Amino acid sequence: MTDSKLILVKNILEDYIYPVLPYKLVTMIREIPLEKLIDLTEIRLRVNQPPLLVLANTDILVSPMGKESTIHGKTYVCNQDDLQKTLQLISKNSLYAFEEELKMGFLTIDGGHRIGLTGQAIVNAGEVKALKHISSLNIRLAREVRGCADKIMPFIITKGGHVLNTLIISPPRCGKTTILRDLIRQISGGSKICKGLQVGVVDERSEIAACKNGVSTVDLGPRTDILDGCPKAIGMLMLIRSMSPAVIATDELGRVEDIYAVHEALNAGVSVLATVHGRNNNDLLYRPYVKELLENKSFDRYIILGDSPSVGTIERVIDSKSNEILWDITTK
């Protein structure tokens, strides 16, 4: 497992991350032994601050010689030029082509890796029209972990092979999208407990399928259709009308139109797999719109994820109708 994780992180860095970083930063990061980066989840660059490599349970500050450092004064300090060069590499010198993504505060590069941005917001009539003077970048590494949803599958598939409506709940950086991706792959491909089903994916932020020119670059199974870059609510309705999916999967519910589209899918007899930010199902009762899904018991299963002892830990599986805890990491 360790060897395969090393190969995975090496391939992600070499194929997707290093090509969008300035050579100077790449040289520094390459000096750090790969074994220390096996659980790398993010690379954060901030103007006037050191490069920060975020691991599962700790982080690393990088020195000018590419060494691990815990002393702030001994680290390399990023400047505006480092971030500007990174943006130029990401956009292939056509940043104007990403105006809409910049307004949303993120870009997605090949491989499905999301890059969050902050800077000076240009606001008009209460809406963010643009971001300029970018001062922070957060490069989040997306991983394809085959089999990470194995424990969940028996809880969301009925004896008749029907997929139960399932909501995956976790704070950011706890593996929601990775688990969702593996569920899609297994349901689409079929397994010992269910035959392969037609799956429609609405991938608004291009993180689930990591599409390149509309084609997935990760394995989502042979019966999966993907709407890439499409708003969730619009995409779910399009899939229902045009592709006859048995299951629709999407990421990060939150807007009122998302909730409407979920109800439309459920009323059409389509199973829904979705994710949402939160620590647990009780937290979601305080969120506008999303709480309607819980109050109406729209989903059959809640999957609660955490990051201890590692990212993607399945903490609980809950039957939403009865509130019965079907799986609890503290008792298993």
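Reader: Which residue in β2 is the bridge partner of Arg-44?

Author: The bridge partner of Arg-44 in β2 is Leu-52. The model is a predicted one, where local features need pLDDT of at least 70, side-chain atom pairs count only at pLDDT 80 or more, and totals for chains, interfaces and linings use all residues. Residues are numbered from 1 along each chain as its sequence is written, and side-chain values use heavy atoms, leaving out hydrogens and water.

Reader: In which sense do β1 and β2 pair, and over how many bridges?

Author: Strand β2 covers residues 52-54 and pairs with β1 in the antiparallel sense over 3 bridges. Strands here are DSSP runs of E with at least two residues, helices are runs of H or I with at least four, and both are numbered from the N terminus. Two strands pair if DSSP finds at least two bridges between them.

Reader: Which residue takes a positive phi in that hairpin?

Author: Asn-48 does, with a phi near 70 degrees; the hairpin has 5 residues between the strands.

Reader: What is the strand order of the open sheet?

Author: The order of its 7 strands is β4-β3-β2-β1-β7-β6-β5, and the pairing is antiparallel. At the edges stand β4 (68-69) and β5, each with a single partner strand, so one side of each has no neighbour in the sheet. Within the sheet, β1 and β7 are joined by 5 bridges, and β6 and β7 by 10. Ile-139 in β7 stands opposite Ile-43 and also opposite Ile-115.

Reader: Which helix packs on the sheet, and which strands are touched?

Author: Helix α3 does, touching β1, β5, β6 and β7. Its direction makes about 100 degrees with that of β7; axes are lines fitted to C-alpha atoms, for helices over the stretch in contact, with angles from 0 to 180 degrees between N-to-C directions.

Reader: Is strand β8 mostly covered or uncovered?

Author: Strand β8 (residues 166-170) is mostly covered, with 5 of its 5 residues buried, meaning under 20% relative accessible area, where over 50% is exposed and the range in between is partly exposed (1.4 Å probe, protein chains only). Thr-166, Ile-168 and Ser-170 point one way, and Leu-167 and Ile-169 the other. In a regular strand, side chains alternate between the two faces of the sheet.

Reader: Which strands run parallel to β8?

Author: Strand β12 (residues 271-277) is joined to β8 by 5 bridges, and β13 (residues 301-306) by 4. Ile-168 stands opposite Thr-275 in β12, while Ile-169 faces Ile-304 in β13.

Reader: One last topic: why does Asp-228 count as partly exposed?

Author: Asp-228 counts as partly exposed because its relative accessibility is 32%. The residue lies in strand β10 (residues 224-228). Apart from residues up to four places away in sequence, Asp-228 touches Asp-203, Ser-206 and Cys-211, contact meaning heavy atoms within 4.5 Å.
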